[in-house]
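Subject: Structure handover

Hello,

Here is the structure I promised to pass on. Please have a look at it first; my notes follow below.

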Amino acid sequence: MLSIIEQIKQGKLWDFHGGIHPAENKKISNQAPIVSAGIPQELVLPLKQHIGSKGDIIVAVGDKVQKGQALTQGDIAMCVPVHAPTSGTVIAIEQRTTAHPSGLSDLCIVLHPDHTDTWGEKKTYADYQDRDPAELIETIRLSGIAGLGGAGFPTARKLQGGLGNVDILIINAAECEPYITADDRLMRDYAEEVIEGVRILRHIISPKLTIIGIEDNKPEAIKALEQHVTEADNILIRVVPTKYPSGSSKQLVKILTGREVPSQSRSTSVGVIMQNIGTAFAIKRAIIDGEPLIERVVTLTGEAFKKRGNVFAMLGTPIAYLLDKFGYKADKKHPRVIIGGSLMGFTLPHSNVPITKITNCILAPKRKELPLHTYEMACIRCSACADVCPSSLLPQQLQWYAKDQNYDKCEEYNLQDCIECGACAYVCPSEIPLVQYYRQAKAEIWARSQDEMNAERARQRFEAKQARMERDKAERENRFKKAADSRRDEMAKTGGDDAVAAAIARVKAKQAAAAKADTAEVKPAVAAAIAKAKAKQAASAQNVTSESLPDNSEMAKLREERKRQARERKAEKEATANNQPAAENDSKKDAVAAAVARAKARKAAQQTETQAESTPESVVEAENVDPKKAAVAAAVARAKARKAAQQAEAQAESAPEPVVEAENVDPKKAAVAAAVARAKARKAAQQAAKEQQNIEED
């Protein structure tokens, strides 16, 4: 049985499932040679123009740059730099709308050309056959080359993955999508450089067989390539039938080798590596001419263009510049500008979008040329989509699950194997935009997978941190334990106790000795003085307690006297009312009563004076007040008491005398006068008592 390589050399071809034959519409743009689009007034260079991560900016606003100078850098294989397409000045680093189906903006470097087109330093490898493949791969990476067929996968990374793992190198020149003729014209006009780029790839990969796969609708390109291929190159130009999407990677591998790439795998898994024809041309320019990827061939097609064809457009060229320069006239009812072909392209939100490394076509159709899908209708289960799917998927079920946001089922039905060729939507009689559902579902699945990866990474970091902390704690405890054990062993060897225990014992002994010393230092005299002070404080507290109780004996006596006098007055009133004649006989009794009252008043005054003289002294002794102040207060109290007593005595003596001396006075008046005298005496005694109480309180 012949091997695969032998079968390929004999011209055997295979076929893939499905596929369609849409109108090609290629002749409207492949008749004229490639021309230069010129230098626009402004270049907008997105940092991310490929699959992978964006590089770090190494220029600033206001910097002057030369043609071919790197504007970004990165040190990983999935990051390729961006270069200045011409000389000029960096005028801005800001967000601009990029060529993406979402229409979102991304960070871009805005360059203002100086129109001198001055090249910077070039590094060429004309003797690439004597160079190590790793060195050439690094040069390709630093030149910013990514797949120019539309995927944008970093070329250097793909070549690294293929070293020693592949035996067949395939150059993709099928260019199967309608309207696009960039590769066709490139092979016609620059066939020699294209073949030289293939030779460089052969030197790097060292495959057993190299195949250029090209569709049979490009006869001029086939002839141009055959003129520059020699027998020593070991390059086969294999013409394949025109069928969409034969230019897809997996489908072209199946056509040329019969090998089927597994689900969610690359062609390198079956020993095949594939590069686009435009990528081979860019590699030749980078290795031999020292020119990084700063421009690419772009097809300008569609009836809305007055001048149709292919141009070399600098990366970052605004599409609006190309529309103006090549006579774009928008359709009146439905103006559209599409990046890509009629099946895999997407409509731009506006024309101020830059050309990137994966932009191969600008399609501006009229309404009649490319009819719009008016509205989506219900699926009729015709299975036409499944019949034409080149990946042997079930588009109908995938659309249902994507619409229902059942992404687990989408993955179960291998949504990731969809190449978004648009064949299913092309044949759908219900005009369902199937590819749009698939793209949205893929984006959601990718976002969820990134979240899961981030969560898993965070969990691993947390667990690693916890493990590290526990490990450090265990090591610390073991270290302390070992140190204690070694200390005990050392003390045991030297005949001593543990140093820590000994130190604790010494501290306790010192504290006990200090307590005993404090107790012994107390002298007897000091102790006696302290005892006396405590006894004196107790006595003072007892005196204060006894003195703090008020002496109410005098007040009780005065109350009893007032009650007695009240009874006497009541009796006198009753006697006067019942027997007026008896008043004359009782006048003598009234005189006696007045005398008794005067005597009691004098006695009360004397007692008040005695209290006034004795009270301040006791207060001074009890409260330890200044003796001089106490003496003055006592003298004042005595003077007030004497004056009050004198006034009471004078009133008592003067009131009843007229009654005694004048025998002919009216008895009623005499009784009234006696009562008034008694009342004044009581009032004077009360005032004296009140003043005495104020003195005590002071």
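Of the protein's 698 residues, 40% count as buried, where buried means under 20% relative accessible area, exposed means over 50% and partly exposed lies in between (1.4 Å probe, protein chains only). This is a predicted model: local features need pLDDT of at least 70, side-chain atom pairs count only at pLDDT 80 or more, and totals for chains, interfaces and linings use all residues. Residues are numbered from 1 along each chain as its sequence is written, and side-chain values use heavy atoms, with hydrogens and water left out.

The protein has 21 helices and 16 strands. These are DSSP runs numbered from the N terminus: helices are H or I with at least four residues, strands are E with at least two. Among contacts with a separation of 6 or more, 74% join residues 24 or more positions apart. Contact means heavy atoms within 4.5 Å.

Helix 5 and its partners

Helix 5 covers residues 191-205, and helix 6 covers residues 219-228. Their axes come within 9 Å and cross at roughly 60°. Axes here are lines fitted to C-alpha atoms, for helices over the stretch in contact, and angles run from 0 to 180 degrees between N-to-C directions. Helix 5 is therefore oblique to helix 6. The angle classes are: under 35 degrees roughly parallel, over 145 roughly antiparallel, 65 to 115 roughly perpendicular, the rest oblique. On the helix 5 side, the contact is made by A191, E192, V194, I195 and R199; helix 6 supplies A224, L225 and H228. By type, these residues are 5 nonpolar, 1 polar and 2 charged. Ala, Val, Leu, Ile, Met, Phe, Trp, Tyr, Cys and Pro count as nonpolar, Asp, Glu, Lys and Arg as charged, and the others, Gly among them, as polar.

Helix 5 also meets helix 8 (residues 277-287), with axes that come within 7 Å and cross at roughly 80°. That makes helix 5 roughly perpendicular to helix 8. The contact of helix 5 with helix 8 divides into 9 nonpolar, 1 polar and 4 charged residues.

Helix 11

Helix 11 spans residues 395-403, and its buried residues are P395, Q396, L398, Q399, Y401 and A402. What covers them includes helix 10 (384-388), helix 12 (407-412), helix 13 (423-427) and helix 14 (434-494). After helix 11 comes Q405, with a positive phi near 60°.

N30 sits in the loop between helix 1 (4-9) and strand 1 (35-36). N30 is buried, at 6% relative accessible area. Beyond its neighbours within four places in sequence, N30 is in contact with T181, D184, R185, R188 and N310.

T97 belongs to strand 6 (residues 88-97). T97 is buried too, at 17%. Leaving aside neighbours within four places in sequence, its contacts are G103, L104, S105, P349, H350, N352, V353 and P354. T97 and C108 are 11 residues apart in sequence and 8.8 Å apart in space, C-alpha to C-alpha.

Cysteines

How many disulfides are there? The count is 0, taking a disulfide as a pair of cysteine sulfur atoms within 2.5 Å. C421 is in no disulfide, and its nearest cysteine sulfur, that of C424, is 6.2 Å away. C421 is buried, with a relative accessible area of 7%. C361 is buried at 0%.

Best wishes
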